[in-house]
Amino acid sequence: MNQPAFILWVLCSVGVNVWAQTPPQSPPGAGPQCLAQAYPDFWAPWRGELAPDNTLTTRSGDSWVYNELKDPLSQTALLDQADLMTQMAQAYPAGFPAAIPGPNQDPGRMRSEALFKALYGHTREAVQHHLVSVPWAPNGRSLPFNRLHGAASALQRVGESLAQHPELAAYVRQPAGSFYWRNIAGTARKSMHAFGAAVDFALPRQLGRYWQWRGCKEDGPCPYPEAVLRDPLLQQVVLAFEKEGFIWGGKWAHFDTVHFEYRPELVGSSCKNVK
Ligand SMILES: [Zn+2]
């Protein structure tokens with residue numbers, strides 16, 4: 001290869017590599033609208049654009065800066081410091097077939113903790129005050145879940161839908177935890193379980209996989225358990241959750257296949273007509 005050709009080859013290789021590792025992004029401008037419309041009891045009605053100072057306004061008149069982070073941060077730093085824009089940056093790929101997530105493709109895993117505390121409660125006691133007992137139709141028992149912003153009623157609808165399909169019972173009759181005031185393992189960040197807005201299940205056939213159980217590091221590669229994307233019954237379970245505004249941790253590079261969390265700003269009807 002002569003020198004110009006070599007340089008061109010290097011540039012192309014770098015370009016392809018960068019492209020391949022950039023997770024799918026949400027359409028520009030969609031994030032603030034999806035966020036505002038997903039939590040209409042918290043945010044003021046959407047007016048078509050952010051305020052000139054890049055803020056969203058709450059119903060109580062507070063302003064939240066949409067893009068607080070001025071400098072590029074590493075993925076690990078983003079997890080700890082996610083602002084609203086970071087939270088909305090990666091598009092969640094609802095439905096199937098689902099591709100194996102690319103490196104750092106973790107749509108929904110970067111969360112503005114300040115927002116979820118404001119939505120669901122700043123302390124254990126505050127969150128507990130908002131918990132209700134949700135009938136879980138697949139096993140006839142109930143689960144504590146946060147009643148705010150439609151979370152509990154959405155979970156109840158998921159359960160009623162899943163209970164119509166006895167063939168799915170093995171996947172969803174054994175919840176393995178909903179509300180639990182705790183941090184995400186190995187971090188100082190609150191889990192969505194702390195807000196009573198996430199639920200785990202004991203999955204059959206060794207489909208329950210968590211990246212930390214594999215001994216993977218946050219900033220390193222982790223072999224993705226491809227079998228979880230090929231299980232047709234698990235797909236039906238995931239679709240039933242996504243239909244009601246939940247995302248599934250199995251669509252993250254840092255996979256958590258037992259985990260579903262209520263995130264209507266990423267998958268809910270509020271975002272369906274946003275281009
Ligand atoms: Zn979980």
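Biologist: Which residues of H7 and H10 meet?

Modeller: In this predicted model, Val158, Ser161 and Leu162 in H7 meet Val237, Ala240 and Phe241 in H10. Residues count as being in contact because their C-beta atoms lie within 7 Å.

Biologist: How do the residues of this contact divide into nonpolar, polar and charged?

Modeller: The contact of H7 with H10 holds 5 nonpolar residues, 1 polar and no charged.

Biologist: How do the axes of H7 and H10 lie, and what is the hand of their crossing?

Modeller: The axes of H7, residues 151–162, and H10, residues 232–243, come within 9 Å and cross at roughly 145°. The crossing is right-handed.

Biologist: What makes Asn104 buried?

Modeller: Asn104 has 20 other C-beta atoms within 10 Å. The cut-off for a buried residue is 20 or more, so Asn104 is called buried. Asn104 lies in the loop between H4 and H5.

Biologist: Is Gln206 buried or exposed, and how do you know?

Modeller: Gln206 has 9 other C-beta atoms within 10 Å. A residue with 12 or fewer is exposed, so Gln206 is exposed. Gln206 is placed in the loop between strand S5 (198–200) and helix H9 (227–230).

Biologist: What is noted about the phi of Asn104 and of Gln206?

Modeller: Asn104 has a positive phi of about 60° although it is not a glycine, and Gln206 has a positive phi of about 55°, again without being a glycine. Most residues other than glycine have a negative phi.

Biologist: Which peptide bond is cis, and how do you know?

Modeller: The bond that joins Phe96 and Pro97 is cis, with an omega of about 0°. Pro97 is found in the loop between helix H4 (84–89) and helix H5 (113–120). Most peptide bonds are trans.

Biologist: Why are both faces of strand S7 called covered?

Modeller: His259 and Glu261 on one side of S7, and Phe260 and Tyr262 on the other, are all buried. In a regular strand the side chains alternate between the two faces of the sheet.

Biologist: What makes S5 and S6 partners of S7?

Modeller: Pairing requires at least two bridges. S5 is joined to S7 by 3 bridges, and S6, residues 246–248, is also joined to S7 by 3 bridges, so each meets the cut-off. S5 and S7 run antiparallel, as do S6 and S7. Val199 stands opposite Phe260 in S7, and Ile247 stands opposite Glu261.

Methods
Residues are numbered from 1 along each chain as its sequence is written. This is a predicted model: local features need pLDDT of at least 70, side-chain atom pairs count only at pLDDT 80 or more; totals for chains, interfaces and linings use all residues. Helices (H or I, at least four residues) and strands (E, at least two) are DSSP runs, numbered from the N terminus. Axes are lines fitted to C-alpha atoms, for helices over the stretch in contact, and angles run from 0 to 180 degrees between N-to-C directions. A crossing is left-handed if the near helix is turned anticlockwise from the far one by less than a right angle, and right-handed if clockwise. Two residues are in contact if their C-beta atoms, placed from the backbone, lie within 7 Å. Ala, Val, Leu, Ile, Met, Phe, Trp, Tyr, Cys and Pro count as nonpolar, Asp, Glu, Lys and Arg as charged, and the others, Gly among them, as polar.
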